[in-house]
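Work through the following exercises on aromatic rings, using the sequence and the coordinates shown here.

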Amino acid sequence: MENPKIAMMRIRHRINPQTFVITLNQIAKYLNIDPWRILNWEKWHNVLWVHIQGRGGYFVSYRHLQQWVAACRTLIRFCPNLEALNLLWSLIQQEAQRYTKQVWDRLQAIYQQRYTELSRRSMVISFPLK
């Protein structure tokens, strides 16, 4: 099995969190706090850093944000065949512990949907109707 840090780097080469549009209200909702309590926030390479009034600095994993799930969904949906899909999925699985249960369940559903689509497509190609 591949080193998780290498797998993360491979996924991070495909997904760039610096391009995510992240709003103050979205961060506040995720942290379950009032938006006015967020004094500052910055996109760092591997995490989102948030300065919260009365709490100090707080780190948020990009993998917990909906933008990450959307980026993964895009990667999964554009896999041209089962081989590419399974390779991508194995990379995502290698960092499974980084995801919340809700995010992981969503990613599994997206993968299963694409797997079913590609499996059906390959069956049609393999067994053409006469």
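A charge sits over a ring if NZ of Lys or CZ of Arg is within 6 Å of the ring centre and within 35 degrees of the ring normal. The model is predicted, so that local features need pLDDT of at least 70 and side-chain atom pairs pLDDT 80 or more, whereas totals for chains, interfaces and linings use all residues. Residues are numbered from 1 along each chain as its sequence is written, and side-chain values use heavy atoms, without hydrogens and water.

**Exercise 1.** Find the ring over which the charged end of Arg-55 sits.

Solution. The ring belongs to Tyr-58, and the charged end of Arg-55 is 5.4 Å from its centre.

**Exercise 2.** Classify the pair formed by the rings of Phe-20 and Trp-68.

Solution. Rings of Phe, Tyr and Trp (its six-membered ring) pair if their centres lie within 6.5 Å, with planes under 30 degrees apart counted as stacked, over 60 as edge-to-face and the rest as tilted. A search of the whole structure gives 8 aromatic pairs. For Phe-20 and Trp-68 the centres are 6.4 Å apart and the planes stand at 80°, so this pair is edge-to-face. Buried means under 20% relative accessible area, exposed over 50%, and partly exposed in between (1.4 Å probe, protein chains only); Phe-20, at 8%, is therefore buried, and Trp-68, at 0%, is buried.

**Exercise 3.** Classify the pair formed by the rings of Trp-44 and Trp-49.

Solution. The centres lie 5.9 Å apart and the planes are at 5°, so Trp-44 and Trp-49 are stacked. Trp-44 is partly exposed at 36% relative accessibility, while Trp-49 is buried at 17%.
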